[in-house]
Amino acid sequence: MVASFGDPVLRGKNIVVSAGPTYEDIDPVRFIGNRSSGRMGFAVAEAAAQAGAHVTLVAGPVSLPTPAGIVRRIDVRSAAQMHAAVTEAAGGADIYIGSAAVGDYRPNSVAAHKLKKHDGADLTLQLAENPDILASLSAQKAHPFLVGFAAETQNVEIYARDKLQRKGLDMIAANQVGEGLGFETADNAITLYWADGSLALPRTDKAALARQLIECIASRYKAVRG
Ligand code: CTP
Ligand code: CA
């Protein structure tokens with residue numbers, strides 16, 4: 001039995017949460033990745049389940065147990081796999097929360113065998129841009145209520161509001177990262193932005209922060225879709 005909390009508007013709603021990093025393979029033993037532990041996304045998925053939603057969790061490569069109350073977990077590795085899994089799961093969903101740190105680029109080709117080093121010579125990797133999962137969802141006619149994340153090292157509000165608008169999101173959760181903030185930490189602080197409002201959630205543990213985020217999503221969801 002999962003403890004429940006919060007606004008009843010999320011009870012029985014289908015919510016898809018993406019979490020963690022993506023890994024883009026270079027060869028059989030190397031990849032390009034990013035510094036996401038997946039803990040914030042997993043906490044958000046757990047909080048959504050506690051609010052009574054049916055939660056599908058699409059997880060990149062993380063070493064985290066599935067939170068209580070999650071209906072379905074889909075494990076993926078690359079941005080392309082995450083895109084396919086989210087697109088499939090979000091069809092007919094009410095809300096998509098994109099907390100994954102999706103890799104922006106992938107190697108143009110994956111070497112079949114381990115690349116060998118050639119002493120003294122530089123190595124150049126050709127990278128291709130990955131599709132934007134949130135933007136591709138928002139381009140669909142009937143799409144879920146869309147929540148994005150923005151981890152920024154500077155100009156947090158300007159960059160977050162730009163992403164909110166450019167990607168056609170209903171809400172964005174922004175935080176400052178770097179210098180001991182945001183990544184690989186137990187605590188986090190975020191500010192939520194939507195077209196005509198904002199809400200600062202001060203520094204606390206990720207579970208408490210996730211519940212506050214879910215509360216705010218419930219109230220915004222009610223305002224625009226309720
Ligand atoms: N995102 C996505 N698909 C991508 C890249 C990002 O859905 N290919 C989502 C992330 O899950 C997050 C939001 O977009 O919710 C913002 O991600 P971020 O990396 O901050 O934005 P980018 O548009 O990639 O901009 P940049 O990395 O240049 O800051
Ligand atoms: Ca990015």
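1. A pocket here is an open set of points, on a 1 Å grid over the protein atoms alone, with protein on both sides within 12 Å along at least five of seven lines, and its lining residues have an atom within 4 Å of a point. Grid points are joined across faces, edges and corners, and a volume is the space filled by probe spheres set on the points, the probe being 1.4 Å. On that basis the largest pocket of this predicted model has a volume of about 1,000 Å³.

2. As to conventions, local features need pLDDT of at least 70 and side-chain atom pairs count only at pLDDT 80 or more, while totals for chains, interfaces and linings use all residues. Residues are numbered from 1 along each chain as its sequence is written, chains are lettered from A and ligands numbered from 1 in the order in which they are written, and side-chain values use heavy atoms, with hydrogens and water left out.

3. On confidence, the protein chain has a mean pLDDT (the predictor's confidence in each residue, from 0 to 100) of 94, with 96% of its residues at 70 or more. For the complex, the predictor gives an ipTM of 0.99 and a pTM of 0.95.

4. The lining of the largest pocket comprises 41 residues, of which Ala100, Ala101, Val102, Phe149 and Ala151 lie nearest its centre. The elements giving two or more residues to this lining include α1 (39-50), β6 and β11 (187-194), where helices (H or I, at least four residues) and strands (E, at least two) are DSSP runs numbered from the N terminus. The largest contribution, 4 residues, comes from β9.

5. In the loop between β9 and α4 lies Asn155, which has a positive phi of about 45 degrees although it is not a glycine. Because its relative accessibility is 40%, Asn155 counts as partly exposed, the class between 20% and 50%.

6. The calcium ion (ligand 2) is coordinated by Asp104 (OD) and Asp104 (OD), at 2.4 to 2.5 Å, and Asp104 is found in the loop between β6 (95-98) and β7 (105-107). Donors are N, O and S atoms within 2.8 Å of the metal (3.2 Å for Na, K and Ca), and water is not among the atoms, so sites may look incomplete.

Technical notes
Buried < 20%, exposed > 50% of the residue type's maximum accessible area, 1.4 Å probe, protein only.
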